[in-house]
Amino acid sequence: MKLFIISDIHGSLYYLKKVIEIFGKENYDKLVILGDELYHGPRNPLPKDYSPKEVIEILNKYKDKIIAVRGNYDSEVDQMVLSYPIMSDYSMIYLGNKRVFLTHGHIYNIDNPLPMSEGDILLYGHFHIPMIEKKGERYFFNPGSISLPKNNSNHSFAILDETKFQIKDLDENILMEINF
């Protein structure tokens with residue numbers, strides 16, 4: 001299985017279109033969204049081409065490919081307009097023999113992980129900073145934000161398969177990578 005991972009869209013039509021174009025180039029099994037799909041929040045500036053209604057239209061076209069979790073700016077109202085589930089604080093999937101936890105990061109993250117075993121992966125967003133870290137035999141990955149990167153990081157997304165995790169910028173340059 002090959003996963004395409006994004007986080008923190010925050011209603012940006014411009015950046016969503018860019019990553020959907022990249023997503024469409026290859027045969028990814030799932031589009032993983034780590035929360036904060038529609039709303040920019042009171043602490044963030046308006047992202048480029050802020051248009052939640054158009055973001056909804058695009059995302060709903062991919063409803064059968066999306067696995068999503070709730071971000072700190074996602075609400076029941078958002079769930080009413082999105083055609084795929086977003087209200088879970090975390091989800092878990094298996095990628096080969098690896099257990100992969102998906103969460104936004106405002107509750108569970110590298111400093112407050114879910115109960116993980118050796119070899120498990122925690123994927124989370126929220127901080128808008130791409131990151132790869134290994135603690136013992138546990139892996140912590142953050143794809144960064146497609147629309148509102150922080151700490152001088154790039155607009156970014158990630159790819160995860162059974163052998164590696166890559167973080168790429170929107171020109172598809174590899175920024176970080178780890179092999180398992």
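Predicted model: local features only at pLDDT ≥ 70, side-chain atom pairs only at ≥ 80, totals over all residues.

Visitor: How many residues does helix α1 have, and what span should they give?

Guide: Helices (H or I, at least four residues) and strands (E, at least two) are DSSP runs, numbered from the N terminus. The expected span of a helix is 1.5 Å times one less than its number of residues. Helix α1 covers residues 13-25, so its 13 residues should span 18 Å; the C-alpha atoms at its ends lie 19 Å apart, which agrees.

Visitor: Which residues of α1 are buried, and against what do they pack?

Guide: Buried means under 20% relative accessible area, exposed over 50%, and partly exposed in between (1.4 Å probe, protein chains only). In α1, the buried residues are L13, Y15, L16, V19, I20, I22 and F23. Contact requires heavy atoms within 4.5 Å. The buried residues of α1 pack against strands β1 (3-6), β2 (30-33) and β9 (156-160), and against helix α2 (52-61).

Visitor: Which residues of strand β6 lie on each of its faces?

Guide: In β6 (residues 121-124), I121 and L123 are on one side, L122 and Y124 are on the other, and all are buried, so that both faces are covered.

Visitor: Which strand does β6 join through four bridges, and which through three?

Guide: Two strands pair if DSSP finds at least two bridges between them. Strand β5 (residues 98-103) runs parallel to β6 and is joined to it by four bridges; here V100 stands opposite I121. Strand β8 (residues 138-142) also pairs with β6 in the parallel sense, over three bridges, and F141 of β8 is the bridge partner of L123.

Visitor: Where is S51 placed, and is S51 buried or exposed?

Guide: S51 belongs to the loop between β2 and α2. Its relative accessibility is 14%, so S51 counts as buried. Leaving aside neighbours within four places in sequence, S51 is in contact with G11 and L13.

Visitor: How many salt bridges does a search of the whole structure find?

Guide: A salt bridge is a side-chain nitrogen of Lys or Arg within 4 Å of a carboxyl oxygen of Asp or Glu. The search finds five. One of them joins the side chains of K2 and E26 at 2.6 Å, N to O. K2 lies in the segment before β1 and E26 in the loop between α1 and β2, so this pair ties together parts that are 24 residues apart in sequence. K2, at 25% relative accessibility, is partly exposed, and so is E26, at 39%.

Visitor: Which residue forms a salt bridge with K25, and which with R70?

Guide: K25 pairs with E172, their closest N and O atoms being 2.6 Å apart. This pair links distant parts of the chain, with K25 in helix α1 and E172 in the loop between β10 (164-169) and β11 (174-179), 147 residues apart. K25 is exposed at 54% relative accessibility, whereas E172 is partly exposed at 28%. R70 meets D89 at 2.3 Å, N to O. R70 is in the loop between β3 (66-68) and α3 (76-81), and D89 in the loop between α3 and β4 (90-95), 19 residues apart. R70 counts as buried at 18% relative accessibility, while D89 is partly exposed at 28%.

Terms used:
Residues numbered from 1 in each chain as written. Heavy atoms only, no water.
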